[in-house]
Amino acid sequence: MSHQKLHDINMAGPCGFYCGTCRHYLARSKGLLKEKNLKHGCKGCRIQNKNCAWIKRDCVLIRKNHITFCFECEDFPCANLQKLDARHVRDDNVSLIENLRRIKKIGVEPWLQEQEEQWRCPACGGNICVMDGECYDCGYQIG
């Protein structure tokens with residue numbers, strides 16, 4: 001897989017979260033860890049191959065790379081994913097399950113393009129953090 005393809009799919013978490021909107025990813029990539037009071041940033045779920053605290057830790061299929069996305073599992077959506085989805089719907093107004101259904105329908109690359117557009121700052125074209133509702137480039141506040 002080319003470096004660009006790996007980078008692209010890295011922005012699509014196995015659970016359906018778009019990493020390009022995560023405070024940990026954005027703070028690290030923009031050199032804002034101290035400003036955002038974070039000790040560690042993130043390079044994205046797949047590049048670091050870390051044990052995701054929400055899905056990968058509890059899912060042997062993802063942990064052992066038997067599936068790429070949760071929608072590939074016969075138990076989709078499992079209780080663990082439903083719990084995570086409910087938290088993201090409540091806190092961020094984003095459904096991971098709907099994201100996964102969209103990825104399955106149109107493919108990961110078109111979905112990533114949609115996400116990049118959806119979370120682009122209307123003021124400067126930078127990156128909006130879904131968790132903070134803030135552009136990490138210019139400080140613009142959404143909603």
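Leaving aside residues up to four places away in sequence, serine 95 touches Asp85 and Val89. With aspartate 85 there is a polar contact of 2.9 Å, formed between the two side chains. The side chain of serine 95 also reaches the backbone nitrogen of glutamate 98, at 3.1 Å.

Attention now turns to helix H7, which spans residues 108-118 and in which Val108, Trp111, Leu112 and Gln115 are buried. When H7 is viewed down its axis, these buried residues fall within an arc of 100°, and they therefore line one face of the helix. The exposed residues Gln113 and Glu117 are carried on the face of H7 that is turned away from the buried side.

It remains to consider the confidence of the prediction. The protein chain has an average pLDDT of 88, and 88% of the residues score at least 70. Among the elements of the chain, H6 has the highest mean pLDDT, 98, whereas helix H1 (residues 3-10) has the lowest, 58. Over residues 1-7 the pLDDT stays under 50, and the model has five contacts for this stretch beyond four places in sequence. Where pLDDT is low, predicted coordinates should not be read in detail.

Definitions and conventions: Residues are numbered from 1 along each chain as its sequence is written. This is a predicted model: local features need pLDDT of at least 70, side-chain atom pairs count only at pLDDT 80 or more; totals for chains, interfaces and linings use all residues. Side-chain values use heavy atoms; hydrogens and water are left out. Buried means under 20% relative accessible area, exposed over 50%, partly exposed in between (1.4 Å probe, protein chains only). Helices (H or I, at least four residues) and strands (E, at least two) are DSSP runs, numbered from the N terminus. The arc is that of the directions from the helix axis to the C-beta atoms. A polar contact is a pair of N or O atoms within 3.5 Å; within protein, one must be able to donate a hydrogen and the other to accept it, and residues adjacent in sequence count only if both atoms are side-chain atoms. Contact means heavy atoms within 4.5 Å. pLDDT is the predictor's confidence in each residue, from 0 to 100.
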